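Dear colleague,

I am passing on the structure below for you to look through. My notes on what was found in it come after.

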Amino acid sequence: TICPSCRQPITTEIVYRMGRLTFLLSAAMCCVGCNMGCCLIPFFMKRFKDVDHYCPCCRFHIYRYNRL
Ligand SMILES: [Zn+2]
């Protein structure tokens, strides 16, 4: 992709973040009664997290991939 800030052809740097879906999933699992640590599982599952894309050159925040 091309960085909109520094106009360099770059590969975005990916940062995983806690998203609303991460919290909703853990809350839902707790409600189901699976609270023997299972409610923490989504916090370690990258595919349920929001993803921020940054330019590795100028640290510009290009976009956020939101799960919801
Ligand atoms: Zn840049």
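The notes below take the chain as a whole and then the metal site.

This is a predicted model, in which local features need pLDDT of at least 70 and side-chain atom pairs count only at pLDDT 80 or more, while totals for chains, interfaces and linings use all residues. Residues are numbered from 1 along each chain as its sequence is written, and side-chain values use heavy atoms, with hydrogens and water left out.

The chain holds one helix and three strands, and from the N terminus on the order is β-α-β-β (DSSP runs, H or I of at least four residues for helices and E of at least two for strands, numbered from the N terminus). Of the 68 residues in the chain, 26% are buried, where buried means under 20% relative accessible area with a 1.4 Å probe, protein chains only.

The zinc ion is coordinated by the SG atoms of C3, C6, C55 and C58, at 2.2 to 2.3 Å; donors are N, O and S atoms within 2.8 Å of the metal (3.2 Å for Na, K and Ca), and water is not among the atoms, so sites may look incomplete. In sequence these donor residues follow the spacing C-x2-C-x48-C-x2-C. Distant parts of the chain are linked in this way, since C3 lies in the segment before β1 (13-17) and C55 in the loop between β2 (50-54) and β3 (61-65), 52 residues apart. Both C3 and C55 are buried. The arrangement is tetrahedral because the four donor atoms subtend angles of 101 to 115° around the zinc ion, the criterion for four donors being that all angles lie between 85 and 135 degrees.

Terms used. Four donors count as tetrahedral if all angles lie between 85 and 135 degrees; four count as square planar and six as octahedral if opposite donors are over 155 degrees apart and all others between 65 and 115; anything else is irregular. Buried means under 20% relative accessible area, exposed over 50%, partly exposed in between (1.4 Å probe, protein chains only).
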